[in-house]
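Hi,

Here is the structure I promised to pass on. Have a look at it first, and my notes on what turned up follow below.

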Amino acid sequence: MKLVLNSFFICFVVFCSPVLGESFSKTYVIKSSGIKIGKLDWEVVIDDKKYRNDLRLKSEGILSIIYNFEGEYSSEGGVKNNKLRPTKYTHLWKTNKTTKKMNLVFQNNKLKSLDQFPIEEERLRADVFGIKETKDPISSFLQIVMGHNMSLVVDGRRIYTMNALVNKDLNQTSVELLDYLNLWADHKRTKFEKIAFEKKMGDFLPSKILIYFDKRVFKLEEF
């Protein structure tokens with residue numbers, strides 16, 4: 001009986017481990033100008049065939065009384081040769097005054113469909129469905145965190161390239177946003193400047209993330 005149970009346990013581990021994949025998660029405190037404004041929970045489940053990438057953002061601290069926000073971002077898809085191939089991306093953003101939703105579906109490394117709320121009344125300024133090798137923003141960022149140098153992003157509102165520059169002296173990777181194009185407007189203006197992150201030896205996810213936005217710096221540090 002003991003031999004049978006041991007054999008069953010070994011088979012269970014062997015056959016179920018690739019299905020479950022490895023799970024990585026971290027919680028970050030978000031600060032702006034030294035003041036806590038929220039927290040971010042980031043969880044990734046990944047193996048050599050598929051992945052799921054979830055981020056949950058929520059306001060915290062004294063400022064949340066005045067300005068309350070919450071966001072949920074999720075992507076999933078396949079993995080091939082250590083490259084992510086998203087099939088689905090969703091995000092939900094809520095504040096005191098507004099709610100925004102985005103749903104993207106990818107097929108054959110291209111955007112297949114785009115569904116958003118509120119519905120955009122302007123016309124699309126680019127044939128975003130005909131562009132190959134596009135990824136959603138959080139799959140693209142995860143791809144760079146995994147060691148890749150570049151990723152072409154479509155988030156439903158914009159298309160741009162994430163380009164990574166590694167500074168070994170500072171143990172920091174800076175991610176520039178290049179070739180930025182608004183899909184629903186005829187200008188290329190953006191308040192995003194860059195993203196930088198640091199990783200500890202042996203970690204899968206960053207220990208610190210810096211977001212440079214509209215001449216402000218949002219600092220996310222591991223809790």
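This is a predicted model: local features need pLDDT of at least 70, side-chain atom pairs count only at pLDDT 80 or more; totals for chains, interfaces and linings use all residues.

Let's start with Lys26: beyond its neighbours within four places in sequence, Lys26 is in contact (heavy atoms within 4.5 Å) with Leu40, Asp41, Trp42, Asp203, Leu205, Pro206, Ser207 and Glu222. A polar atom of the Lys26 side chain lies 3.5 Å from the backbone oxygen of Pro206. Lys26 sits in strand β1 (residues 22-32), strands being DSSP runs of E with at least two residues and helices runs of H or I with at least four, numbered from the N terminus. With a relative accessible area of 11%, Lys26 is buried (under 20%, 1.4 Å probe, protein chains only).

Residues are numbered from 1 along each chain as its sequence is written, and side-chain values use heavy atoms, leaving out hydrogens and water.

Now the pockets (open sets of points on a 1 Å grid over the protein atoms alone where a 1.4 Å probe fits, with protein on both sides within 12 Å along at least five of seven lines; lining residues have an atom within 4 Å of a point). Of its 50 lining residues, Leu57, Tyr73, Trp93, Phe192 and Phe213 are the closest to its centre.

The second largest pocket holds about 340 Å³. Its lining has 20 residues, with Val166, Asn171, Thr173, Phe197 and Lys199 nearest the centre.

Cheers

Key: Grid points are joined across faces, edges and corners, and a volume is the space filled by probe spheres set on the points. Buried means under 20% relative accessible area, exposed over 50%, partly exposed in between (1.4 Å probe, protein chains only). A polar contact is a pair of N or O atoms within 3.5 Å; within protein, one must be able to donate a hydrogen and the other to accept it, and residues adjacent in sequence count only if both atoms are side-chain atoms.
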